[in-house]
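Here are some friendly notes to read alongside the model. They take its cavities, its sheets and its helix packing in turn.

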Amino acid sequence: MHNDSSSDEEDDRRNLVDQNHRKPPSPSPAAVFHVEDRSPRFFRRNFIYQKKYIVTILAFLLVILFFSVANFHSVFSSSSFQFDSVTDRMKESELRAINLLRRQQLGLLTAWNTTLRSNASDPNQLEDLKSALFKQISLNQEIQQVLLNPHSMGNIVEPEFDLNATLNGVVYDRCRTVDQNLSQRRTIQWNPRDGKFLLAICVSGQMSNHLICLEKHIFFAALLNRALVIPSSKVDYRYDRVVDIDRINKCLGKKVVFSFEEFSNIKKGHMHIDKFLCYFSKPTPCYLDDEWLKKLGGLGVTMNKQEAVWDEDTRNPKNKTAQDVLGKFNYDDDVMAIGDVFYAEVEPEWVMQPGGPIAHQCKTLIEPNHLISLTAQRFIQTFLGRNFIALHFRRHGFLKFCNAKKPSCFYPIPQAADCIMRVVERADAPIVYLSTDAAESETGLLQSLVVLNGRPVPLVMRPARNSAEKWDALLYRHGLEGDTQVEAMLDKTICAMSSVFIGAPGSTFTEDILRLRRGWGSASICDEYLCHGEEPDIVAENE
């Protein structure tokens with residue numbers, strides 16, 4: 001730029017010298033145009049004009065920008081003021097809401113304390129009321145916390161809004177476990193005399209009946225100070241596949257139960273029933289028929305003739321006391337049998353108490369064997385989770401059985417579904433384990449009707465064997481898979497481990513589950529028989 005400017009000044013001086021010394025000729029138009037087009041003065045003059053024009057525009061823009069910024073600041077300040085005003089009103093409303101909710105909570109707490117002192121004729125209604133009140137109190141507390149969160153400063157909470165202290169640590173579980181009062185449990189010692197045996201005989205019904213019969217035999221053996229001999233699998237079920245027989249001895253810390261094979265070895269094959277005293281005289285002595293007696297004889301067991309000690313009918317059993325039994329059955333003979341005692345009613349409250357009537361070191365004496373218990377736990381972990389309801393829904397052969405009773409215990413599927421839903425809502429459980437012999441047509445209809453708040457509640461049954469699933473691998477590896485009695489005991493065990501159990505009224509399968517739940521401490525105050533307190537809305541005529 002410096003060199004270009006010096007050259008322009010040199011040309012100007014040369015032009016001035018020439019103009020002073022000679023008169024230039026008149027230029028042609030083309031020459032004039034050529035000189036004007038290339039004149040440095042022209043360019044300089046234009047540049048000055050453009051510069052002034054640009055400065056003027058910039059000054060104008062600066063003025064506009066100044067007023068724009070001022071207006072924007074004014075608008076922003078006004079908006080901020082309005083925003084702060086809205087925020088203040090929102091805070092005020094929220095704090096008022098918290099105060100109102102707190103007043104509501106105090107009122108609900110008063111109602112809650114009132115229910116604790118009331119005596120309702122229906123315990124379930126009282127528990128439902130307590131549950132509803134507690135849920136509202138808890139919900140109220142949650143709302144307060146949500147509203148209070150924006151106003152808390154770190155971990156600092158105003159004392160009057162300290163929600164952690166509101167319920168004073170009270171936790172209410174509508175379907176809590178039953179207090180078993182184990183400290184008040186009434187028991188007797190089982191001390192068998194040397195060489196004194198009671199031969200268990202169970203013939204009534206299926207496995208559940210036999211287990212109840214076996215439990216009653218244990219009580220009789222303890223009363224009579226005798227060891228108990230488990231029936232042979234040749235005339236009865238294979239008990240060792242479903243229950244842990246040797247565990248009974250471990251729980252007592254002594255030998256109180258013998259397998260039939262052990263008994264045979266002790267007697268060296270000379271097995272004789274010295275006293276065959278029948279608890280039941282009707283409809284047949286000892287509730288045995290000639291065919292079963294022949295089977296017993298086929299095992300090498302000889303016996304004297306059965307004798308009835310009193311007039312007792314299985315169809316109408318009378319309540320007996322422990323002293324009644326001792327007065328009729330306490331003999332010194334080595335081997336004794338009393339026949340089937342499934343229907344016997346001897347100290348029923350004592351026998352049915354949690355853990356049973358015998359003093360021992362376990363929760364209950366007759367339990368599923370360890371492999372079945374582990375398999376049940378694995379199934380629950382795989383499919384159900386901790387909080388589930390178990391339903392024993394007996395249908396096969398139950399229609400005629402129930403309709404012979406007054407009232408009937410066989411419910412139409414829609415009515416059963418309503419009863420199930422009430423328990424589901426009360427227990428707040430997301431899933432139901434279904435133990436049933438019902439046809440698929442019935443279970444499918446039941447599933448379609450068990451709906452809570454528009455959401456189906458899954459009814460889960462044990463699936464068929466699948467090698468990809470490992471929850472039942474223990475049964476498969478030990479040769480127990482496919483055994484119907486093992487599968488039945490597995491169903492019982494799963495039901496006994498549930499949060500809440502719904503049983504089938506009149507079913508011994510259900511009664512054995514309830515026995516396990518009492519013994520294990522898993523019984524819930526929400527446990528009930530299906531549609532308890534209701535009659536079927538329709539009952540078919542008898543044949």
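1. Let us start with a cavity. The second largest cavity is lined by His392, Phe393, Arg394, Arg395, Phe398, Cys409, Phe410, Tyr411, Ala504, Pro505 and Leu530. Its space comes to about 60 Å³. By type, the lining has eight nonpolar residues, one polar and two charged (Ala, Val, Leu, Ile, Met, Phe, Trp, Tyr, Cys and Pro count as nonpolar, Asp, Glu, Lys and Arg as charged, and the others, Gly among them, as polar).

2. A word on how to read these values. The model is predicted, so local features need pLDDT of at least 70 and side-chain atom pairs count only at pLDDT 80 or more, while totals for chains, interfaces and linings use all residues. Residues are numbered from 1 along each chain as its sequence is written, and side-chain values use heavy atoms, with hydrogens and water left out.

3. How many cavities of 30 Å³ or more does the structure hold? There are four. A cavity here is a set of points, on a 1 Å grid over the protein atoms alone, where a 1.4 Å probe fits but cannot get out; lining residues have an atom within 4 Å of a point. Grid points are joined across faces, edges and corners, and a volume is the space filled by probe spheres set on them.

4. The largest cavity has a volume of about 140 Å³. Its lining counts 17 residues, with Glu215, Gly355, Gly356, Pro357 and Thr364 nearest its centre. Helix H5 (207–223) and helix H17 (508–520) are the elements that give two or more residues to this lining. The lining divides into eight nonpolar, six polar and three charged residues.

5. Now to the sheets. Helices (H or I, at least four residues) and strands (E, at least two) are DSSP runs numbered from the N terminus, and two strands pair if DSSP finds at least two bridges between them.

6. Strand E2 (residues 227–229) is joined to E3 by two bridges, and Leu228 has Val257 as its bridge partner in E3. Strand E5 (residues 275–278) has two bridges to strand E9 (residues 335–337), where Lys275 stands opposite Met336. Two bridges also join E5 to E7, and Cys278 is partnered there by Ala308.

7. A further open sheet has five strands in the order E15-E12-E11-E16-E17, again with parallel pairing. Strand E15 (459–460) and strand E17 (528–529) stand at the edges with a single partner strand each, so one side of each is without a neighbour in the sheet. Three bridges link strand E11 (residues 389–393) to strand E16 (residues 500–503), and Ala390 has Phe501 as its partner in E16.

8. Finally, the helices. Helix H11 (residues 370–384) and helix H16 (residues 484–496) pack at about 60 degrees, with axes 9 Å apart (axes are lines fitted to C-alpha atoms, for helices over the stretch in contact, and angles run from 0 to 180 degrees between N-to-C directions). H11 and H16 are therefore oblique to each other (angles under 35 degrees count as roughly parallel, over 145 as roughly antiparallel, 65 to 115 as roughly perpendicular and the rest as oblique).

Methods: On a 1 Å grid over the protein atoms alone, a cavity is a set of points where a 1.4 Å probe fits but cannot get out, and a pocket is an open set with protein on both sides within 12 Å along at least five of seven lines; lining residues have an atom within 4 Å of a point.
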